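Here is a briefing on one protein model and its ligand. Please read it with the structure open.

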Amino acid sequence: MYEDDKPTHECGVFGMVAPEADVARLTFFGLYALQHRGQESSGIAVSNGRAIRAYKEMGLVSQVFNEEKLRPLVGHLAIGHTRYSTTGSSKLENAQPFVVESALGPLAVGHNGNLTNATSLRRELLNRGVGLTGTSDSEVITQMLAGGEGRTWDEKLKVFMVRAQGAYSLTVLTRDTLYAVRDPWGLHPLCLGQLNGGGWVVASESCAFGPIGGHLVRSVEPGEIVAINEDGPRTLALMPAPRIAECLFEYIYFARPDSQFHGTTLHAIRVAQGRQLAREAPAAADVVIPVPDSATPAAIGYAQESGIPYSEGLIKNRYIGRTFIQPDDHLRKVGISLKFNALPDNLNGRRVVLIDDSIVRGNTSGPIVRLLREAGASEVHIRVSSPPIKHPCFLGVDMATYPELIAYRLSTPEICAFLGADSLAYLSLDGLIQASRRDSDHFCRGCFIGQYPVEIEGVDKEVFELR
Ligand code: AMP
């Protein structure tokens with residue numbers, strides 16, 4: 001495995017070129033809309049055409065930045081980054097953007113994804129005498145670009161893309177150009193937008209454009225390098241894609257429902273997943289309720305297709321987010337009620353279909369079932385709008401290791417018993433793909449079938465070995 005404590009991490013990336021705008025402030029609000037993609041650290045780097053200034057810190061976007069922190073970040077090009085939270089790897093040296101000086105001038109990089117050949121690329125850099133401060137593959141990318149082959153940034157980026165394997169959606173800032181780079185598999189999203197007042201924006205998801213007065217123009221294509229300066233965007237290269245392999249988990253859970261993928265909101269796609277789930281796994285019940293908020297669209301779809309009324313049965317604390325205060329033993333036993341309260345009026349004496357988008361470790365669903373029963377539910381039937389997750393992700397979703405994945409260890413009836421539900425059923429992989437409106441060979445299905453679109457290098461066999 002990589003030397004990082006976690007096999008992989010999730011992130012949001014953002015970038016913009018807007019000579020007339022306060023780019024640091026707009027980047028702040030862009031990152032704010034991408035907060036769901038990472039809550040560990042936040043950072044912004046700005047170029048004024050001569051130098052790059054940056055600020056990054058551990059914490060949520062709103063915790064890291066204030067007027068004082070934004071004020072020095074003056075310029076007309078910017079990138080921003082938000083990184084996923086895991087206790088083990090909460091280290092400032094892994095926070096992004098990475099900023100370095102190079103022979104071609106300053107460089108800043110924001111990365112979402114995971115390089116699968118990071119171990120050998122890292123070794124190569126170390127053998128060449130390049131010092132690395134952190135453990136992340138994103139720093140490897142930054143140093144590969146800064147010191148890599150090529151006389152111009154354009155050339156260096158193309159060389160990088162030939163060498164790198166795995167998942168990378170990048171925003172790269174040089175003195176006078178913003179680059180948006182997406183790996184040839186298209187594993188994680190990246191899209192291009194335009195500001196209504198003039199200027200160009202790049203973000204992991206289109207949900208970042210509306211709040212800053214912009215709109216989606218198009219996706220950055222798998223294998224594409226887009227260079228953007230004051231004259232607008234230009235496609236610098238379109239590297240051949242061995243195979244498109246978009247991450248299915250973005251469609252199920254990770255991306256925001258108001259983001260558009262291939263001209264459709266994920267909300268509509270998730271409603272279709274719920275409809276398909278109702279066709280495949282009906283339940284005799286009185287009410288359909290979601291695990292809020294991520295399973296809401298699928299629950300709406302399940303209710304529409306089954307004719308069983310949709311209602312809310314759980315209310316989630318909107319501000320639950322991340323807290324550094326650990327629960328004590330008593331609270332730990334209370335478990336999930338820190339996050340949710342049940343609504344007895346909607347549950348008492350009812351047979352409930354509980355819709356969840358995914359079961360990963362299996363820690364959340366059991367306490368929710370108990371909460372529903374305590375609120376009077378007479379039966380609880382869990383329906384999940386994705387197939388069982390039996391394999392870890394090595395390509396940019398923080399999924400868990402084999403021993404942690406409940407569907408790797410237990411069969412569906414065993415999981416049902418463990419969760420204390422009356423029944424449990426998952427959406428089939430074919431059904432999921434059909435609802436997601438693309439052909440099956442368009443997706444990375446690694447977490448469901450254990451086959452990945454790229455070779456995974458340096459796996460710790462103890463933890464990750466296949467059965
Ligand atoms: P658990 O089965 O206890 O691991 O929890 C799974 C639930 O957490 C799912 O219903 C999702 O809503 C959410 N979830 C799934 N994957 C992730 C992830 N990579 N990071 C954070 N939350 C996740």
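This is a predicted model: local features need pLDDT of at least 70, side-chain atom pairs count only at pLDDT 80 or more; totals for chains, interfaces and linings use all residues.

Residues are numbered from 1 along each chain as its sequence is written, and side-chain values use heavy atoms, with hydrogens and water left out. Helices (H or I, at least four residues) and strands (E, at least two) are DSSP runs, numbered from the N terminus.

**Seven-stranded sheet**

- An open sheet runs in the order β3-β2-β4-β1-β10-β9-β11, with antiparallel pairing. Two strands count as paired if DSSP finds at least two bridges between them.
- The edges are β3 (52–58) and β11 (214–219); each has a single partner strand, so one side of each is left without a neighbour in the sheet.
- From one strand to the next, the twist averages 15°. Axes are lines fitted to C-alpha atoms, for helices over the stretch in contact, and angles run from 0 to 180 degrees between N-to-C directions.
- Strand β1 (residues 11–17) and strand β10 (residues 200–203) run antiparallel and share four bridges. Val-17 stands opposite Trp-200 of β10.
- Helix α1 (residues 23–33) lies across β1, β2 (41–47), β4 (77–83) and β9 (191–195). Its direction is at about 30° to β4.

- Four of the five residues of β9 are buried. Buried means under 20% relative accessible area, exposed over 50%, and partly exposed in between (1.4 Å probe, protein chains only).
- β9 pairs with β11 over five bridges, in the antiparallel sense. Four bridges join β9 to β10, also antiparallel.
- Cys-191 has partners in both strands: Ser-219 is its bridge partner in β11, and Ala-203 stands opposite in β10.
- The hairpin of β9 and β10 has four residues between the strands. There, Gly-198 takes a positive phi near 105°.
- Gly-199 is found in the loop between β9 and β10. Gly-199 counts as buried because its relative accessibility is 12%.
- Setting aside neighbours within four places in sequence, Gly-199 is in contact (heavy atoms within 4.5 Å) with Val-17, Ala-18 and Gln-194.
- Glu-124 is 75 residues from Gly-199 along the chain, and their C-alpha atoms are separated by 38 Å.

**Six-stranded sheet**

- A further open sheet has six strands in the order β5-β6-β7-β8-β12-β13, with antiparallel pairing.
- β5 (98–102) and β13 (232–238) are the edge strands, and each pairs on one side only.
- Neighbouring strands of this sheet are turned by 20° against each other on average, direction ignored.
- Six bridges link the antiparallel strands β6 (residues 105–112) and β7 (residues 169–174). Among these residues, His-111 has Leu-170 in β7 as its bridge partner.
- Helix α5 (residues 137–147) lies across β5, β6 and β7, at about 145° to β6.
- Helix α6 (residues 153–163) packs on the sheet too, touching β5, β6, β7, β8 (178–182), β12 (224–229) and β13. Its direction makes about 15° with that of β8.

**Ligand site**

- The ligand is surrounded by 16 residues, and the closest are Ser-358, Val-360, Arg-361, Gly-362 and Asn-363. A residue is near a molecule if one of its heavy atoms lies within 4 Å of it.
- Ser-294 places a polar side-chain atom 3.2 Å from an oxygen atom of the ligand.
- A polar backbone atom of Thr-364 is 2.9 Å from a ligand oxygen atom.
- A backbone N or O atom of Asp-398 lies 2.9 Å from a nitrogen atom of the ligand.
- On its own, the ligand has 500 Å² of accessible area, and the protein covers 84% of it. Accessible areas come from the Shrake-Rupley method with a 1.4 Å probe.

- Gln-273 sits in helix α8 (residues 266–280). Gln-273 is buried, because its relative accessible area is 0%.
- Beyond neighbours within four places in sequence, Gln-273 is in contact with several residues, including Tyr-251, Ser-385, Leu-427 and Ala-435.
- His-391 lies in the loop between β21 (379–384) and α13 (406–409). At 13% relative accessibility, His-391 counts as buried.
- The side chains of His-391 and Tyr-402 make a polar contact at 2.7 Å. A polar contact is a pair of N or O atoms within 3.5 Å; within protein, one must be able to donate a hydrogen and the other to accept it, and residues adjacent in sequence count only if both atoms are side-chain atoms.
- His-391 and Val-130 are 261 residues apart in sequence and 34 Å apart in space, C-alpha to C-alpha.
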